[in-house]
Amino acid sequence: RDIVLTAKEFRLLAYLMSHPDAVISRTRLLNNVWDLSFDPETKVVDVYIRYLRRKIDGEGETPLIKTVRGFGYVISA
């Protein structure tokens, strides 16, 4: 199915997909997707992960992007 993504959503998804099965920290995502240094108060990564999940995960399907509590995110089939 076709999925419409913003440029930032695409960049985030592409980064996660280029590191399958690897847990990627929020800091690393901020540095590589947003070109930002670490900011402990920002929730931008969490917000964009939520946007992606809504668009790519089908109802009743196993989520592709998983949260690793206290560290970051991992994408796997």
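Reader: Which helix has the lowest confidence in the chain, and which the highest?
Author: This is a predicted model. Confidence in the chain is lowest in α2, with a mean of 92, and highest in α1, at 97.

Reader: And what is the mean pLDDT of the chain?
Author: The chain has a mean pLDDT of 91, and 96% of its residues reach 70 or more.

Reader: OK, packing. At roughly what angle do α1 and α2 cross?
Author: Roughly 125 degrees, with the axes coming within 10 Å. Here α1 is residues 7-17 and α2 is residues 26-33. That angle makes α1 oblique to α2.

Reader: Is that crossing left-handed or right-handed?
Author: The crossing of α1 and α2 is right-handed.

Reader: Which residues make the contact?
Author: On α1 they are Lys8, Arg11, Leu12, Tyr15 and Leu16. On the α2 side they are Arg28, Leu29, Asn32 and Val33. By class, the residues of this contact divide into five nonpolar, one polar and three charged.

Reader: Now α1 and α3. How do they sit relative to each other, parallel or perpendicular?
Author: Their axes come within 10 Å and cross at roughly 85 degrees. An angle of 65 to 115 degrees counts as roughly perpendicular, so α1 and α3 are roughly perpendicular to each other.

Reader: How many polar residues are in the contact of α1 with α3?
Author: None: this contact has eight nonpolar, no polar and three charged residues.

Reader: Change of topic. Where does Ser25 lie?
Author: Ser25 lies in strand β1, which is residues 24-25.

Reader: Buried or exposed?
Author: Ser25 is buried, because its relative accessible area is 16% and the cut-off for buried is under 20%.

Reader: What is Ser25 in contact with, leaving aside its neighbours in sequence?
Author: Beyond four places in sequence, Ser25 is in contact with Phe71 and Gly72.

Reader: Last one, Glu61. Where is its place?
Author: Glu61 is in the loop between α3 (44-56) and β2 (65-68).

Reader: Buried or exposed, that one?
Author: Glu61 is exposed, because its relative accessible area is 52% and exposed means over 50%.

Reader: How many Å apart are Glu61 and Tyr48 in space?
Author: From C-alpha to C-alpha, Glu61 and Tyr48 are 20 Å apart, and they are 13 residues apart in sequence. Tyr48 is one of the α3 residues that meet α1.

How values were computed. Residues are numbered from 1 along each chain as its sequence is written. This is a predicted model: local features need pLDDT of at least 70, side-chain atom pairs count only at pLDDT 80 or more; totals for chains, interfaces and linings use all residues. Side-chain values use heavy atoms; hydrogens and water are left out. Axes are lines fitted to C-alpha atoms, for helices over the stretch in contact, and angles run from 0 to 180 degrees between N-to-C directions. Helices (H or I, at least four residues) and strands (E, at least two) are DSSP runs, numbered from the N terminus. Angles under 35 degrees count as roughly parallel, over 145 as roughly antiparallel, 65 to 115 as roughly perpendicular and the rest as oblique. A crossing is left-handed if the near helix is turned anticlockwise from the far one by less than a right angle, and right-handed if clockwise. Contact means heavy atoms within 4.5 Å. Ala, Val, Leu, Ile, Met, Phe, Trp, Tyr, Cys and Pro count as nonpolar, Asp, Glu, Lys and Arg as charged, and the others, Gly among them, as polar. Buried means under 20% relative accessible area, exposed over 50%, partly exposed in between (1.4 Å probe, protein chains only). pLDDT is the predictor's confidence in each residue, from 0 to 100.
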